[in-house]
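The following exercises concern side-chain contacts in a protein model. Please study the sequence and the structure, then work through each solution in turn.

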Amino acid sequence: MAISVFDLFSIGIGPSSSHTVGPMRAAGMFAARLKRDGLLAQTSSVRAELFGSLGATGHGHGTPKAVLLGLEGNEPHTVDVARAELDVERIHGTRRIRLLGAEIGPTHEIDFDVSTQVVLHRRRSLPYHANGMTLFAYDADGLPMLEKTYYSVGGGFVVDEAAVGVDRIKLDDTVQAHPFRTGDELLRLSRETGLSISALMLENEKAWRTEEEIRAGLLHIWRVMKGCVSRGLSHEGILPGGLKVRRRAAAAARALRGEGDPAGRAMEWVTLYAMAVNEENASGGRVVTAPTNGAAGIIPAVLHYYLDFVPGADEEGVVRFLLAAGAIGLLFKENASISGAEVGCQGEVGSACSMAAGGLAEVLGGSPEQVENAAEIGMEHNLGLTCDPVGGLVQIPCIERNGMAAVKAVTAARMALRGDGRHHVSLDKVIKTMKETGADMKVKYKETARGGLAVNVIEC
């Protein structure tokens with residue numbers, strides 16, 4: 001089983017990797033399957049049913065919108081964010097949908113009533129994962145032609161029913177130079193090869209791409225992250241949804257610039273960078289899953305800390321940071337979960353905090369043992385974090401939570417660098433604990449908007 005850093009850091013749109021990016025991909029996969037099986041021209045109607053967390057918080061996360069865009073052939077990394085709302089309005093207004101219409105070539109347009117053909121089951125779940133969805137296609141006589149079930153398992157990853165019981169990560173038998181599945185294996189390989197964690201990860205990435213392609217790809221990811229921060233620090237107004245949450249990052253940044261001494265206010269800037277990203281995410285803007293949308297602000301904020309406040313920081317460090325962070329993220333994806341609907345927000349913000357802490361420790365000159373220690377600290381102090389978005393929107397407490405976790409990641413890296421890498425709780429043990437904590441957590445705290453802040457805060 002192999003996973004690439006480009007699987008963990010993928011370009012998409014907000015507000016949720018598991019509830020927006022994943023369903024868009026799944027709907028696109030279904031439409032493409034109709035075409036591949038020669039069924040597209042015969043298709044007279046389609047229906048989508050959303051279960052579990054997708055059904056419970058789908059409207060707040062924009063899941064129906066994502067399904068419509070996916071059926072029309074849009075992909076998360078290329079969809080025109082500015083035009084997406086217009087396309088959705090067209091489908092609602094005309095009650096017609098163009099299957100694979102976003103692709104080059106002939107389109108197949110059919111009747112489609114969103115109110116009856118996108119069904120959200122708020123209290124029903126499918127057996128494999130909390131984020132399940134089933135799509136159906138029928139011919140002109142109403143006879144079923146294709147039925148497929150997909151699971152959005154976090155970070156935009158999608159598996160279909162054929163993969164159930166196999167693994168939660170898409171199957172990939174690519175042979176890597178230094179494969180690892182645990183933190184202990186990662187440290188052992190680093191000792192045996194003399195490679196840093198980022199260098200070892202780079203060697204593994206060469207199984208898919210050349211070194212030049214890897215570096216260029218990671219720097220492109222960083223540019224998209226940086227662009228998202230920039231937009232978030234300039235946009236103002238009210239975020240979409242019934243909560244009427246006001247954007248704060250832009251005004252706060254203006255005030256902070258006026259106070260001078262940026263180095264003395266580094267942690268305030270880190271907080272604002274993270275909040276800026278998640279305000280953009282909440283508005284449905286272009287973001288990088290890192291490793292999810294709900295936690296998308298943490299790694300960009302810590303990377304900004306590195307470039308803005310660490311002497312000698314450069315683009316080579318950005319590449320090393322993302323490679324090391326990707327190695328940590330791989331461990332969470334392999335051995336636990338990055339899905340808030342499966343293990344709570346500890347799997348999203350906790351994993352991102354851990355990844356950012358490890359990445360920062362790497363570029364600050366930490367040893368592999370110190371990098372592992374930083375990642376462990378970052379996760380250990382997010383254990384038990386619940387996912388309880390008010391109104392099912394990725395706004396409260398998600399935006400502020402990213403700011404807090406970004407600061408925590410910097411602190412974790414700095415703490416680890418003050419030690420020698422020896423510590424009592426290993427990264428493997430804290431990942432195992434996170435998984436067990438998530439299993440014990442009540443369902444109402446797993447992105448259902450039926451517990452915690454989601455029920456104790458009055459929606460305005």
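**Exercise 1.** Describe the contact between Arg96 and Glu109, and state where each residue lies.

*Solution.* The side chains of Arg96 and Glu109 form a salt bridge, with 3.3 Å from N to O. A salt bridge is a side-chain nitrogen of Lys or Arg within 4 Å of a carboxyl oxygen of Asp or Glu. Next, locate the partners: Arg96 belongs to strand β3 (residues 96-99) and Glu109 to strand β4 (residues 108-111), so that the bridge links distant parts of the chain, 13 residues apart. Helices (H or I, at least four residues) and strands (E, at least two) are DSSP runs, numbered from the N terminus. Finally, consider accessibility: Arg96 is partly exposed at 28% relative accessible area, and Glu109 is partly exposed at 37%. Here buried means under 20% relative accessible area, exposed over 50%, and partly exposed in between (1.4 Å probe, protein chains only).

The model is predicted: local features need pLDDT of at least 70, side-chain atom pairs count only at pLDDT 80 or more, and totals for chains, interfaces and linings use all residues. Residues are numbered from 1 along each chain as its sequence is written, and side-chain values use heavy atoms, with hydrogens and water left out.

**Exercise 2.** Determine which strands are linked by the salt bridge of Lys148 and Asp160.

*Solution.* The closest N and O atoms of Lys148 and Asp160 are 3.8 Å apart. Lys148 is in strand β7 and Asp160 in strand β8 (residues 157-160), twelve residues apart. Lys148 is buried, with 9% relative accessibility.

**Exercise 3.** State how many aromatic pairs the structure holds, and explain why the pair of Tyr128 and Tyr151 is edge-to-face.

*Solution.* For Tyr128 and Tyr151, the ring centres are 4.9 Å apart and the planes stand at 80°, so the pair is edge-to-face. The rule is that rings of Phe, Tyr and Trp (its six-membered ring) pair if their centres lie within 6.5 Å; planes under 30 degrees apart count as stacked, over 60 as edge-to-face and the rest as tilted. Tyr128 lies in the loop between β5 (118-120) and β6 (131-138), and Tyr151 in strand β7 (residues 144-154), so the pair ties together parts that are 23 residues apart in sequence. Tyr128 is partly exposed at 24% relative accessibility, whereas Tyr151 is buried at 5%.
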